[in-house]
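Let's walk through this structure together, one piece at a time. Keep the sequence at hand as you read.

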Amino acid sequence: TGLGDQQRVFATVLSAIGQFIDMEDPETISFSAEKDEENKKKSMTRTNLYDRLVKRYANKFGYQAEVSDYGTTTGYLLRKIR
C-alpha cells in the first residue's frame, strides 16, 4: 500500500494463506512476481521478500518450494510434502 505497514499486511496475508490451506488442502500453490524493468530496485526488493517468505513459511505449511527465474518474472511453485 505504500503506507509503511508491511508487517501487518504480510501477517494478514500469511494468516489468510494458512486458513486457505486448512480449508482446501491444495496439492500445489503457485504464484509469480513480475520484475518491473523500469524500477528494478523496488521490483527486486519485492522478489527478495517473496523469496524469504517462501523459504521461511513453505515448510511450516507443509510444502516444498520451487523457485524459477523467467527473466522478467519469478515463479513460485509449492508442492505438498507427502
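**A turn after the helix**

Just after helix α1, D25 takes a positive phi of about 50°. Helices here are DSSP runs of H or I with at least four residues, strands are runs of E with at least two, and both are numbered from the N terminus. D25 sits in the loop between α1 and β1, and its positive phi is found in a residue other than glycine. In general, most residues other than glycine have a negative phi. D25 counts as partly exposed because its relative accessibility is 42%; buried means under 20% relative accessible area, exposed over 50%, and partly exposed in between, with a 1.4 Å probe and protein chains only.

A word on what you are looking at: this is a predicted model, in which local features need pLDDT of at least 70 and side-chain atom pairs count only at pLDDT 80 or more, while totals for chains, interfaces and linings use all residues. Residues are numbered from 1 along each chain as its sequence is written, and side-chain values use heavy atoms, with hydrogens and water left out.

Now step back to the whole chain. The protein chain has 2 helices and 3 strands, and from the N terminus on they run α-β-α-β-β. Of its 82 residues, 22% are buried.

Helix α1 covers residues 6-24, and its 19 residues should span 27 Å at 1.5 Å a residue, which agrees with the 27 Å between its end C-alpha atoms. The expected span is 1.5 Å times one less than the number of residues. Which residues of α1 are buried? L14, G18 and I21 are. They cover an arc of only 65° around the axis, so they lie on the same side of α1; the arc is that of the directions from the helix axis to the C-beta atoms. An α-helix has 3.6 residues a turn, so residues three or four places apart point the same way. On the other side of α1, R8, T12 and M23 are exposed.

Next, the sheet. Its 3 strands form an open sheet in the order β1-β3-β2, with antiparallel pairing; two strands pair if DSSP finds at least two bridges between them. The edge strands, each pairing on one side only, are β1 (28-34) and β2 (63-69). Strand β3 (residues 73-80) pairs with β2 in the antiparallel sense over 7 bridges, and A65 stands opposite L78 in β3. The hairpin of β2 and β3 has 3 residues between the strands, and there G71 takes a positive phi near 85°.

Look at T74, whose place is in strand β3. Is T74 buried or exposed? T74 is buried, because its relative accessible area is 4%. Setting aside residues up to four places away in sequence, T74 touches F31, S32, A33, K35, T47, D51, V67 and S68, where contact means heavy atoms within 4.5 Å.

Finally, the largest nonpolar core has 8 residues: I21, I29, A33, V54, A58, Y63, Y76 and L78. Such a core is a set of buried Ala, Val, Leu, Ile, Met, Phe, Trp, Tyr and Cys residues joined through side-chain atoms within 4.5 Å. β1 and β3 each supply at least two residues of this core. Leaving aside neighbours within four places in sequence, V54 is in contact with F31, A65, Y76 and L78.
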